[in-house]
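Dear colleague,

Please find below the structure for your review.

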Amino acid sequence: MKNSIIKKRKIATLSALTLIISLTACDLGMPKIALTQSKERSMLDLEEPVETYPTLTPTPDPTSTPDTTPTPDPTSTPDTTPTPDITPTPIPTPAAVKKVSVKNSIEKKVVLSWKNASGATKYKIYRSKKKNTGFKLIGSTKKNTFTDKKVQKKKTVYYRVTSVAKNAEATPSKSVKVYVYPKHPKTVIIGECFAVALEMERNRFPSYYRFIGKAGMSMYSILNDNTFSYNGVNVTPLEKAAMMKPDRLIFLVGANFSGSYDPKKSAHQLVKMKKLMKKINPHIQMVVLSVSPWKKNSKYGKILPSHQKRHAFNSAYRAVAKADKDIYYCALTLRLEDANYDLKPEYDGGDGLHWSWLARSRMAGWIQKWCKKKFHSA
């Protein structure tokens with residue numbers, strides 16, 4: 001019994017060994033080893049036959065074919081949340097310039113001014129030859145004044161000003177019309193004895209001044225009386241002045257006519273002469289000087305009016321100048337009178353009416369200064 005169990009164990013061991021050797025031979029590519037029963041019996045000295053087990057050939061692992069189908073990218077889910085619009089902060093538009101004033105209208109020096117506009121950081125200035133179209137930018141400034149240095153004389157131009165804040169520009173101001181006067185306007189002083197007195201000081205005046213003396217003691221005389229031979233033609237004082245084509249006409253009428261003449265009629269004659277002269281020069285500047293004072297004891301006392309009548313004439317001239325933008329009243333001769341409205345002794349030429357040399361020379365300087373202040377040109 002014991003021997004039988006031992007034999008069975010030997011047979012099992014031998015079978016397992018044979019299987020291992022066969023598998024190893026297959027893996028190494030070696031020839032198979034076949035063991036016969038006789039050899040096995042001789043080796044193990046077995047009495048009973050031993051079963052022969054078939055050789056097991058290992059089955060190779062199947063070769064996996066690579067999958068060439070590309071793996072799709074994961075599809076991103078679209079974000080359906082709406083992106084809010086970014087609204088830019090609007091730039092506030094400054095207030096518009098309301099009114100543009102002209103401080104000077106001389107060639108190459110037209111000075112404009114206006115009130116500051118709320119919110120404006122600078123101003124742009126435009127110029128045109130027409131009132132409503134053709135405006136071109138000529139400059140800008142941070143101030144409320146601007147000088148146009150490129151405009152030519154005897155031209156009519158229009159200006160507009162806009163206020164600006166960053167890139168926001170307000171609507172333009174209303175157009176302002178400017179006639180550009182020459183820097184040296186041709187000026188004619190016309191009158192009776194006082195015009196003659198100023199002509200005696202002509203060396204104190206610029207060369208563009210002209211004088212027409214003995215033209216008559218009243219506005220009526222200048223318009224209608226007296227005739228001159230000018231360039232071979234008989235003309236009235238006013239016609240002579242018109243033929244000179246002045247830019248400015250200064251009237252200096254006498255005093256001794258005023259006793260028998262109406263101040264309102266005299267002022268009316270001045271307006272009539274202005275209308276006639278504007279046909280020659282639409283932009284002429286008409287200036288009327290106040291009636292000069294005299295002494296009470298003047299030798300011309302019988303034909304001279306009272307101080308009240310003289311004041312009435314000056315008041316009439318002042319009123320017409322106030323009502324008419326083309327007429328200017330100049331009260332320089334009042335500087336010659338004292339506290340009693342008489343001609344000061346230092347200005348008396350000897351007869352209590354006509355001017356002394358001192359009065360003539362000072363008046364020449366005063367007139368030029370007044371014109372420069374009023375018109376920005378002497």
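The chain contains eight helices and 15 strands, where helices (H or I, at least four residues) and strands (E, at least two) are DSSP runs numbered from the N terminus. This is a predicted model, in which local features need pLDDT of at least 70 and side-chain atom pairs count only at pLDDT 80 or more, while totals for chains, interfaces and linings use all residues. Residues are numbered from 1 along each chain as its sequence is written, and side-chain values use heavy atoms, with hydrogens and water left out.

Of the 378 residues, 42% count as buried; buried means under 20% relative accessible area, exposed over 50%, and partly exposed in between (1.4 Å probe, protein chains only). The accessible surface of the chain comes to about 23400 Å², with 53% belonging to carbon and sulfur atoms; areas come from the Shrake-Rupley method with a 1.4 Å probe, and for residues only the protein chains shown count as cover. Among contacts (heavy atoms within 4.5 Å) with a separation of 6 or more, 64% are between residues 24 or more positions apart.

The structure holds 12 salt bridges, each defined as a side-chain nitrogen of Lys or Arg within 4 Å of a carboxyl oxygen of Asp or Glu. One of them joins Asp148 and Arg127 at 2.6 Å, N to O. This pair links distant parts of the chain, with Asp148 in strand β5 and Arg127 in strand β3 (residues 122-128), 21 residues apart. Asp148 is buried at 4% relative accessibility, whereas Arg127 is partly exposed at 24%.

Glu337 forms a further salt bridge with Arg310, the closest N and O atoms being 2.8 Å apart. Here Glu337 lies in the loop between β15 (327-330) and α8 (357-375), and Arg310 in helix α7 (residues 307-323), 27 residues apart. Glu337 is buried, with a relative accessible area of 14%, and Arg310 is buried at 0%.

The side chains of Glu199 and Arg202 also meet in a salt bridge, at 3.2 Å, N to O. Glu199 is partly exposed at 29%, as is Arg202 at 43%.

Lys154, in the loop between β5 (145-148) and β6 (156-165), has a positive phi near 55° although the residue is not glycine. Lys154 is partly exposed, with a relative accessible area of 46%. Lys166, in the loop between β6 and β7 (168-169), likewise has a positive phi near 55°, and is exposed at 69%.

Yours sincerely
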